[in-house]
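Please find my notes on this entry below, as numbered points.

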Amino acid sequence: MNPYFALLRTNRNFRLLFIGQTISQLGDWFNAVAVFALLLDLTGSATAVAWMMIVQILPIAVVAPVSGVVVDRMDRRKLMITADLVRGCLILGLLLVRQADQVWIAYMVMALTVGAAAFFEPARTAIIPSFTTADELLPANALSSATWSAMLAIGASVGGVVTAIAGRNVAFTINAASFFVSAFFIGRTHYRPAPPVATRPSGISALSAYTDLIEGLRYMRRHSHVAALMLVKAGWGLAGGVLLLLTIFGQRIFPIAGSTAAGIGVLYGARGVGAGLGPIALRWILGQSPRTLRRVIGPAYFVVAVFYVALSAAPTLSVAALSVLCAHVGGSILWVFSTVLLQMEVPDRFRGRVFAAELALVSLTTSLSSYWTGYELDRGGWSPRTLSFTLGVLFCIPGTLWMLILSRWKAPPNEPLAPPSASTSGEEGVLEGRVT
């Protein structure tokens with residue numbers, strides 16, 4: 001754990017970002033359990049929860065073409081602060097939802113909140129290489145993932161209890177306050193944006209962002225290795241309906257004392273613990289060379305597959321929680337390792353557009369998978385256990401495709417850990433691996 005403690009102790013900018021992220025994400029998971037419980041209690045419909053999951057994801061795909069350009073044009077620190085303040089105000093709108101005919105308010109609030117997150121998340125991911133050195137990059141991302149996971153485990157578990165005891169409005173208020181606190185800590189960081197080296201368009205072209213968008217798409221098309229890494233999370237999203245299943249397992253199969261929120265909280269808490277263990281444990285075991293990170297991605301898909309198949313046969317809540325924990329060890333490896341590889345490869349001037357496009361892809365695939373899962377639960381007659389088995393098997397498809405891609409990926413035998421690219425020239429990045 002020494003590299004992680006040293007990073008937080010010596011790197012002030014990352015420490016402040018980390019504190020803001022921790023507080024904000026704790027509130028997010030209080031909010032998530034409360035929203036899902038709200039919909040299930042008011043409507044009793046798995047499809048209603050599926051639509052909420054889609055609403056919490058799909059706006060990212062709509063906003064991403066614009067947000068990527070904005071992240072690359074603006075001061076990323078100021079953009080994150082603005083997004084936090086907007087989200088904090090929006091979440092308070094959930095306090096208005098009290099009856100079944102008012103659930104549209106919840107959908108609208110979450111859609112707008114996620115639209116703001118479509119600016120915040122690419123900016124946060126793109127700014128981390130500016131806050132860290134080459135050796136700090138993987139520990140910083142692993143720590144960010146572990147924090148997200150720990151807040152999921154704590155927020156979902158405690159949030160389920162708080163929601164059951166104190167009511168949903170307390171959870172919504174805590175989440176709103178967390179965004180304001182996050183904005184305060186991010187506001188204390190010091191960040192000087194890299195000056196643009198290319199002439200910016202003017203007039204209508206500058207307002208439309210069309211030129212920057214096309215430039216970003218051309219960069220991705222020219223660099224096939226970047227495109228391949230961008231698809232790693234989208235491959236996970238093909239079976240992303242498993243996240244909807246966690247709420248249904250908590251409600252229908254493993255409720256605790258009849259409480260929907262408590263059952264969901266335990267399974268989401270297990271998800272958080274597993275997601276936190278994965279990247280930190282493997283960095284300690286395998287190191288952090290780009291070649292090793294690429295090689296682990298394929299097997300990680302199969303880890304997720306095996307344990308979601310195991311969830312389909314889990315006889316008790318404890319076995320189900322253990323299966324979810326192990327599955328998300330693999331899921332977090334996919335997320336963190338693909339992010340680190342992209343941060344090392346993509347020049348600073350393109351990072352916002354690349355990470356926004358990646359977020360859009362995973363949003364689309366996860367939305368489609370969630371809708372299909374909800375439809376089969378409510379209208380197709382599929383049981384949660386059958387769907388868990390089916391979605392688990394689906395994870396084998398992107399795992400197999402990545403192994404095929406990796407067999408054509410050429411890299412020198414002793415490829416060192418490379419620093420994040422600070423180049424703004426548009427030339428090829430620092431990783432020497434290529435898909436041919």
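1. The second largest cavity has a volume of about 30 Å³. The model is a predicted one, and the structure holds two cavities of 30 Å³ or more.

2. Which residues line the second largest cavity? Thr47, Ala50, Trp51 and Ile54 do, together with Tyr371, Gly374 and Tyr375. By class, the lining divides into five nonpolar residues, two polar and no charged.

3. Helix H3 (46-55) and helix H16 (348-378) each supply at least two residues of this lining. The most comes from H3, with four residues.

4. H3 itself is mostly covered, as nine of its 10 residues are buried. The buried positions are Ala46, Thr47, Ala48, Val49, Ala50, Met52, Met53, Ile54 and Val55.

5. Helix H12 (residues 242-253) is another mostly covered element, with nine of its 12 residues buried. The buried residues of H12 run through Val242, Leu243, Leu244, Leu245, Leu246, Thr247, Ile248, Phe249 and Gly250.

6. Is Val97 buried or exposed? Val97 counts as buried because its relative accessibility is 5%, and buried means under 20%. The residue is located in the loop between helix H5 (76-91) and helix H6 (103-131). Val97 and Asn169 are 72 residues apart along the chain, and their C-alpha atoms are separated by 9.4 Å.

7. Helix H18 (residues 396-407) gives the most to the nonpolar patch, namely three residues.

8. Why does Leu394 count as partly exposed? The relative accessible area of Leu394 is 30%, and partly exposed covers the range between the buried limit of 20% and the exposed limit of 50%.

9. For checking against the model, two places are listed again.

Note on methods:
Residues are numbered from 1 along each chain as its sequence is written. This is a predicted model: local features need pLDDT of at least 70, side-chain atom pairs count only at pLDDT 80 or more; totals for chains, interfaces and linings use all residues. Side-chain values use heavy atoms; hydrogens and water are left out. Buried means under 20% relative accessible area, exposed over 50%, partly exposed in between (1.4 Å probe, protein chains only). On a 1 Å grid over the protein atoms alone, a cavity is a set of points where a 1.4 Å probe fits but cannot get out, and a pocket is an open set with protein on both sides within 12 Å along at least five of seven lines; lining residues have an atom within 4 Å of a point. Grid points are joined across faces, edges and corners, and a volume is the space filled by probe spheres set on the points. Ala, Val, Leu, Ile, Met, Phe, Trp, Tyr, Cys and Pro count as nonpolar, Asp, Glu, Lys and Arg as charged, and the others, Gly among them, as polar.
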